[in-house]
Amino acid sequence: CAMVVIQSFMELKRNYVPDTSCIAWLKGIDWNGNSTIAQEFSDYFFGTKDLWGVQAINRTNATTTKAPQLEQADMAWFIVAIVFIVVFGVAMLVILYLALAVMEQRKETRV
């Protein structure tokens, strides 16, 4: 949706008015944990489908004192996620810079 808004903002025929209609497509955040996807994420990360409950995360490891270790696959996905976030952020800054440069150039040609 963010890319649709940015792209529509840069269209000449829209006169720099962004199209925000895609916001209606977005679902809200399920803070109560009632949706299936929220329960699946809760089960994966916390070991229980009860997002806000007081159940133990993993009773079998409750007596161990060692911190859980990240597997190589988990670490690889973590690194991929961080790289994606950084690349996406840089791309957004470049798009913003280019949009501002185009706007400045159009201001100068109008004067």
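Q: Before anything else, what counts as a helix or a strand here?
A: Helices (H or I, at least four residues) and strands (E, at least two) are DSSP runs, numbered from the N terminus.

Q: And what sort of model is this?
A: This is a predicted model, where local features need pLDDT of at least 70 and side-chain atom pairs count only at pLDDT 80 or more, while totals for chains, interfaces and linings use all residues. Residues are numbered from 1 along each chain as its sequence is written, and side-chain values use heavy atoms, with hydrogens and water left out.

Q: How many helices and strands does the protein chain have?
A: There are 3 helices and 0 strands, so the pattern along the sequence reads α-α-α.

Q: How much of the chain is buried?
A: Buried residues are 8% of the 111 residues. Buried means under 20% relative accessible area, exposed means over 50%, and partly exposed is in between (1.4 Å probe, protein chains only).

Q: Where is Ser 42, and is it buried or exposed?
A: Ser 42 sits in helix H2 (residues 36-46) and counts as buried, at 1% relative accessibility.

Q: What does Ser 42 touch?
A: Leaving aside residues up to four places away in sequence, Ser 42 touches Gly 47, Thr 48, Lys 49, Asp 50 and Leu 51. A contact here means heavy atoms within 4.5 Å.

Q: Changing topic: how many salt bridges are there?
A: The count is 1 salt bridge, defined as a side-chain nitrogen of Lys or Arg within 4 Å of a carboxyl oxygen of Asp or Glu.

Q: Which residues form the salt bridge?
A: Glu 104 and Lys 107, with their closest N and O atoms 3.8 Å apart. Both lie in helix H3 (residues 72-110), 3 residues apart, about one turn of the helix. Glu 104 is partly exposed, with a relative accessible area of 42%.

Q: What about aromatic pairs, how many?
A: The structure has 3 aromatic pairs. One of them is Phe 41 with Phe 45, which is stacked at 6.1 Å centre to centre with 5 degrees between the planes. Rings of Phe, Tyr and Trp (its six-membered ring) pair if their centres lie within 6.5 Å; planes under 30 degrees apart count as stacked, over 60 as edge-to-face and the rest as tilted.

Q: Which residues make up the ring cluster?
A: Ring pairs link Phe 41, Tyr 44 and Phe 45.
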